Amino acid sequence: MSSSPLTKLQMQGLLARHLCIHIVGAFIVSLGVAALYNFGVAEPRKNAYTDFYRNYDSMKDFEEMRKAGIFQSAK
Amino acid sequence: MLSRAAWSLVLRRGPGIRGTHSPGGAADGQGKMPSYTNYYAQRTYPMPDEPFCTELSAQQRALKEKEKGSWTQLSHAEKVALYRIQFHETFAEMNRHSQEWKTVMGCVFFFIGITALLIWWQRVYVFPEKPITLTDKWKTQQLQRVLDMKGNPVQGLASRWDYERKEWKK
(Lines give C-alpha, C1' and ligand atoms only; values in the text may rest on other atoms or scores of the structure.)
Protein backbone atom coordinates (compact mmCIF):
# COMPACT_ATOMS: atom_id res chain seq x y z
CA MET A 1 0.00 0.00 0.00
CA SER A 2 1.26 3.51 -0.76
CA SER A 3 1.89 5.84 2.10
CA SER A 4 0.31 8.88 0.39
CA PRO A 5 -3.37 9.47 1.30
CA LEU A 6 -5.74 8.15 -1.38
CA THR A 7 -8.45 10.51 -2.59
CA LYS A 8 -11.99 9.24 -2.11
CA LEU A 9 -13.51 7.91 -5.31
CA GLN A 10 -16.83 9.03 -6.71
CA MET A 11 -19.22 6.43 -5.29
CA GLN A 12 -22.63 7.52 -6.55
CA GLY A 13 -24.26 8.70 -9.72
CA LEU A 14 -21.83 6.81 -11.91
CA LEU A 15 -24.42 5.52 -14.37
CA ALA A 16 -26.03 8.95 -14.65
CA ARG A 17 -22.70 10.55 -15.41
CA HIS A 18 -21.85 7.82 -17.92
CA LEU A 19 -25.17 8.25 -19.70
CA CYS A 20 -24.85 12.04 -19.75
CA ILE A 21 -21.40 11.97 -21.29
CA HIS A 22 -22.20 9.29 -23.80
CA ILE A 23 -25.61 10.59 -24.93
CA VAL A 24 -24.13 14.00 -25.66
CA GLY A 25 -21.14 12.35 -27.29
CA ALA A 26 -23.34 10.13 -29.42
CA PHE A 27 -25.30 13.12 -30.69
CA ILE A 28 -22.15 15.02 -31.51
CA VAL A 29 -20.49 12.09 -33.24
CA SER A 30 -23.50 11.13 -35.33
CA LEU A 31 -24.28 14.72 -36.34
CA GLY A 32 -20.64 15.23 -37.17
CA VAL A 33 -20.49 12.11 -39.31
CA ALA A 34 -23.69 13.10 -41.10
CA ALA A 35 -22.39 16.60 -41.77
CA LEU A 36 -19.07 15.29 -43.02
CA TYR A 37 -20.82 12.87 -45.35
CA ASN A 38 -23.10 15.58 -46.64
CA PHE A 39 -20.29 18.00 -47.44
CA GLY A 40 -17.73 15.40 -48.41
CA VAL A 41 -19.78 13.06 -50.57
CA ALA A 42 -23.34 14.20 -51.20
CA GLU A 43 -22.74 17.82 -52.26
CA PRO A 44 -19.88 16.99 -54.65
CA ARG A 45 -21.99 14.27 -56.19
CA LYS A 46 -24.95 16.62 -56.70
CA ASN A 47 -22.63 19.20 -58.23
CA ALA A 48 -21.06 16.61 -60.54
CA TYR A 49 -24.48 15.57 -61.81
CA THR A 50 -25.65 19.15 -62.41
CA ASP A 51 -22.43 19.95 -64.24
CA PHE A 52 -22.75 16.86 -66.39
CA TYR A 53 -26.34 17.47 -67.41
CA ARG A 54 -26.10 21.25 -67.90
CA ASN A 55 -24.82 21.00 -71.46
CA TYR A 56 -25.70 17.39 -72.18
CA ASP A 57 -26.81 16.53 -75.69
CA SER A 58 -28.33 13.07 -75.59
CA MET A 59 -28.63 12.68 -79.39
CA LYS A 60 -24.97 13.46 -79.88
CA ASP A 61 -24.14 10.94 -77.21
CA PHE A 62 -26.32 8.36 -78.91
CA GLU A 63 -24.65 8.99 -82.29
CA GLU A 64 -21.22 8.48 -80.78
CA MET A 65 -22.31 5.21 -79.23
CA ARG A 66 -23.90 4.04 -82.50
CA LYS A 67 -20.74 4.77 -84.43
CA ALA A 68 -18.72 2.82 -81.90
CA GLY A 69 -20.86 -0.19 -82.85
CA ILE A 70 -22.25 -1.32 -79.53
CA PHE A 71 -25.92 -1.44 -80.54
CA GLN A 72 -27.59 -4.42 -82.13
CA SER A 73 -30.82 -2.59 -83.06
CA ALA A 74 -29.31 0.59 -84.50
CA LYS A 75 -26.24 0.15 -86.65
CA MET B 1 13.51 -51.30 -13.70
CA LEU B 2 14.66 -48.15 -15.43
CA SER B 3 11.20 -47.41 -16.82
CA ARG B 4 9.60 -47.85 -13.41
CA ALA B 5 12.05 -45.38 -11.86
CA ALA B 6 11.31 -42.93 -14.67
CA TRP B 7 7.55 -43.38 -14.17
CA SER B 8 7.75 -42.70 -10.43
CA LEU B 9 9.77 -39.57 -11.21
CA VAL B 10 7.01 -38.41 -13.56
CA LEU B 11 4.39 -39.01 -10.88
CA ARG B 12 6.39 -37.09 -8.30
CA ARG B 13 6.21 -33.98 -10.51
CA GLY B 14 2.61 -33.27 -9.52
CA PRO B 15 0.19 -30.95 -11.35
CA GLY B 16 2.63 -28.06 -11.64
CA ILE B 17 -0.07 -25.65 -12.75
CA ARG B 18 0.87 -23.19 -10.02
CA GLY B 19 4.23 -22.44 -11.56
CA THR B 20 7.22 -22.33 -9.32
CA HIS B 21 5.44 -20.81 -6.33
CA SER B 22 4.55 -23.66 -4.02
CA PRO B 23 1.42 -23.36 -1.88
CA GLY B 24 1.75 -23.39 1.87
CA GLY B 25 3.88 -20.24 1.94
CA ALA B 26 7.35 -20.27 3.35
CA ALA B 27 6.62 -23.28 5.57
CA ASP B 28 7.24 -25.85 2.80
CA GLY B 29 10.69 -26.06 1.28
CA GLN B 30 11.43 -26.08 -2.43
CA GLY B 31 11.36 -29.43 -4.20
CA LYS B 32 8.39 -30.84 -2.30
CA MET B 33 5.44 -32.06 -4.30
CA PRO B 34 2.81 -29.27 -4.51
CA SER B 35 -0.51 -30.33 -3.02
CA TYR B 36 -3.67 -30.53 -5.09
CA THR B 37 -5.68 -27.44 -4.31
CA ASN B 38 -8.83 -25.64 -5.31
CA TYR B 39 -7.26 -22.20 -5.14
CA TYR B 40 -8.19 -20.36 -8.31
CA ALA B 41 -8.28 -16.59 -8.69
CA GLN B 42 -8.67 -14.42 -11.76
CA ARG B 43 -9.98 -10.99 -12.52
CA THR B 44 -13.29 -12.59 -13.53
CA TYR B 45 -13.32 -14.98 -10.56
CA PRO B 46 -11.76 -13.00 -7.73
CA MET B 47 -13.02 -14.82 -4.60
CA PRO B 48 -11.31 -18.21 -4.37
CA ASP B 49 -13.03 -21.13 -2.70
CA GLU B 50 -10.33 -21.73 -0.11
CA PRO B 51 -7.40 -19.80 1.32
CA PHE B 52 -4.05 -19.96 -0.37
CA CYS B 53 -2.11 -21.35 2.61
CA THR B 54 -3.86 -24.22 4.32
CA GLU B 55 -0.90 -25.52 6.37
CA LEU B 56 0.07 -22.69 8.65
CA SER B 57 3.28 -22.39 10.61
CA ALA B 58 3.12 -21.68 14.34
CA GLN B 59 3.71 -18.00 13.72
CA GLN B 60 0.88 -17.87 11.18
CA ARG B 61 -1.45 -19.70 13.54
CA ALA B 62 -0.70 -17.18 16.25
CA LEU B 63 -1.51 -14.43 13.80
CA LYS B 64 -4.82 -16.06 12.94
CA GLU B 65 -5.66 -16.14 16.63
CA LYS B 66 -4.83 -12.44 16.88
CA GLU B 67 -7.09 -11.80 13.88
CA LYS B 68 -10.06 -12.99 15.92
CA GLY B 69 -9.67 -9.94 18.14
CA SER B 70 -9.97 -6.30 17.22
CA TRP B 71 -8.38 -5.55 13.88
CA THR B 72 -7.23 -2.10 14.93
CA GLN B 73 -4.53 -3.84 16.99
CA LEU B 74 -2.98 -5.48 13.93
CA SER B 75 0.06 -3.76 12.54
CA HIS B 76 0.43 -3.03 8.83
CA ALA B 77 2.91 -5.87 8.35
CA GLU B 78 0.56 -8.28 10.11
CA LYS B 79 -2.33 -7.28 7.87
CA VAL B 80 -0.15 -7.89 4.82
CA ALA B 81 0.88 -11.27 6.23
CA LEU B 82 -2.77 -12.20 6.75
CA TYR B 83 -3.54 -11.17 3.16
CA ARG B 84 -0.70 -13.32 1.89
CA ILE B 85 -2.01 -16.29 3.86
CA GLN B 86 -5.43 -15.90 2.32
CA PHE B 87 -4.47 -14.95 -1.25
CA HIS B 88 -1.61 -15.86 -3.56
CA GLU B 89 -1.25 -12.49 -5.32
CA THR B 90 -2.60 -8.98 -4.99
CA PHE B 91 -4.97 -7.70 -7.64
CA ALA B 92 -2.13 -5.75 -9.23
CA GLU B 93 0.05 -8.85 -9.40
CA MET B 94 -2.79 -11.06 -10.61
CA ASN B 95 -3.81 -8.72 -13.39
CA ARG B 96 -0.31 -7.94 -14.62
CA HIS B 97 0.29 -7.98 -18.36
CA SER B 98 2.18 -10.92 -19.76
CA GLN B 99 4.39 -11.14 -22.81
CA GLU B 100 2.14 -13.76 -24.35
CA TRP B 101 0.91 -11.50 -27.11
CA LYS B 102 4.33 -11.55 -28.73
CA THR B 103 4.24 -15.34 -28.94
CA VAL B 104 0.73 -15.25 -30.33
CA MET B 105 1.52 -12.66 -33.00
CA GLY B 106 4.70 -14.49 -33.91
CA CYS B 107 2.90 -17.78 -34.42
CA VAL B 108 0.11 -16.07 -36.38
CA PHE B 109 2.57 -14.48 -38.79
CA PHE B 110 4.55 -17.67 -39.06
CA PHE B 111 1.54 -19.70 -40.11
CA ILE B 112 0.39 -16.99 -42.50
CA GLY B 113 3.81 -17.27 -44.09
CA ILE B 114 3.53 -21.04 -44.40
CA THR B 115 0.11 -20.61 -45.98
CA ALA B 116 1.57 -18.15 -48.47
CA LEU B 117 4.20 -20.70 -49.49
CA LEU B 118 1.55 -23.37 -49.91
CA ILE B 119 -0.57 -21.12 -52.09
CA TRP B 120 2.43 -20.22 -54.22
CA TRP B 121 3.16 -23.90 -54.79
CA GLN B 122 -0.49 -24.41 -55.73
CA ARG B 123 -0.32 -21.54 -58.21
CA VAL B 124 2.65 -23.17 -59.95
CA TYR B 125 1.69 -26.84 -59.88
CA VAL B 126 -2.07 -27.15 -59.38
CA PHE B 127 -4.02 -24.31 -60.98
CA PRO B 128 -5.27 -24.84 -64.56
CA GLU B 129 -4.91 -22.39 -67.47
CA LYS B 130 -6.42 -18.92 -67.14
CA PRO B 131 -9.84 -18.67 -68.83
CA ILE B 132 -9.92 -16.69 -72.08
CA THR B 133 -11.78 -13.79 -70.45
CA LEU B 134 -8.81 -13.05 -68.21
CA THR B 135 -6.20 -12.71 -70.96
CA ASP B 136 -4.92 -9.20 -71.64
CA LYS B 137 -6.32 -9.05 -75.16
CA TRP B 138 -9.83 -9.86 -74.01
CA LYS B 139 -9.61 -7.42 -71.11
CA THR B 140 -8.59 -4.50 -73.34
CA GLN B 141 -11.44 -5.27 -75.73
CA GLN B 142 -13.82 -5.43 -72.77
CA LEU B 143 -12.62 -2.08 -71.44
CA GLN B 144 -12.99 -0.49 -74.89
CA ARG B 145 -16.57 -1.73 -75.06
CA VAL B 146 -17.40 -0.25 -71.65
CA LEU B 147 -15.93 3.10 -72.68
CA ASP B 148 -17.91 3.02 -75.94
CA MET B 149 -21.09 2.46 -73.92
CA LYS B 150 -20.04 5.37 -71.68
CA GLY B 151 -20.43 3.40 -68.47
CA ASN B 152 -20.76 5.71 -65.41
CA PRO B 153 -20.10 8.93 -67.31
CA VAL B 154 -20.72 11.29 -64.35
CA GLN B 155 -18.34 10.15 -61.66
CA GLY B 156 -17.17 6.66 -62.67
CA LEU B 157 -15.11 4.97 -65.33
CA ALA B 158 -16.11 6.88 -68.49
CA SER B 159 -15.75 10.22 -66.70
CA ARG B 160 -12.03 9.50 -66.37
CA TRP B 161 -11.54 8.91 -70.10
CA ASP B 162 -10.77 11.76 -72.44
CA TYR B 163 -12.77 11.01 -75.60
CA GLU B 164 -11.05 13.63 -77.76
CA ARG B 165 -7.53 12.54 -77.08
CA LYS B 166 -8.40 8.87 -76.57
CA GLU B 167 -6.49 8.53 -73.32
CA TRP B 168 -7.09 8.68 -69.59
CA LYS B 169 -7.66 12.14 -68.14
CA LYS B 170 -4.74 13.49 -66.19
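1. Along its sequence, chain B of this predicted model runs in the pattern α-α-α-α-α-α-β-β, which amounts to six helices and two strands; helices (H or I, at least four residues) and strands (E, at least two) are DSSP runs, numbered from the N terminus. Residues are numbered from 1 along each chain as its sequence is written, while chains are lettered from A and ligands numbered from 1 in the order in which they are written. Because the model is predicted, local features need pLDDT of at least 70 and side-chain atom pairs count only at pLDDT 80 or more, whereas totals for chains, interfaces and linings use all residues, and side-chain values use heavy atoms, with hydrogens and water left out.

2. Of the 170 residues in chain B, 14% are buried, meaning under 20% relative accessible area with a 1.4 Å probe and protein chains only. Chain B exposes about 14,500 Å², of which carbon and sulfur atoms supply 61%, the areas coming from the Shrake-Rupley method with a 1.4 Å probe. Among the contacts in chain B (heavy atoms within 4.5 Å) with a separation of 6 or more, 34% join residues 24 or more positions apart.

3. UniProt, in an unreviewed entry, places a "transmembrane region" at residues 103-121 of chain B, although such annotations may be inferred rather than shown by experiment. In the model, residues 103-121 of chain B are 100% helix and 0% strand, with their end C-alpha atoms 27 Å apart.

4. The largest pocket holds about 710 Å³ of space; a pocket is an open set of points on a 1 Å grid over the protein atoms alone, with protein on both sides within 12 Å along at least five of seven lines, and its lining residues have an atom within 4 Å of a point. Its lining has 24 residues, and those closest to the centre are Lys60(A), Asp61(A), Glu64(A), Lys150(B) and Tyr163(B). Two or more lining residues come from each of α2 (58-68) of chain A and α6 (136-148) and β1 (161-162) of chain B, and α2(A) gives the largest share, six residues. By class, the lining has 10 nonpolar, three polar and 11 charged residues.

5. The whole structure has one cavity of 30 Å³ or more, a cavity being a set of points where a 1.4 Å probe fits but cannot get out. The largest cavity has a volume of about 50 Å³, and its lining includes Tyr39(B), Pro46(B), Phe87(B), Glu89(B) and Met94(B). That lining divides into eight nonpolar, no polar and one charged residue.

Definitions and conventions
Grid points are joined across faces, edges and corners, and a volume is the space filled by probe spheres set on the points. Ala, Val, Leu, Ile, Met, Phe, Trp, Tyr, Cys and Pro count as nonpolar, Asp, Glu, Lys and Arg as charged, and the others, Gly among them, as polar. Buried means under 20% relative accessible area, exposed over 50%, partly exposed in between (1.4 Å probe, protein chains only).
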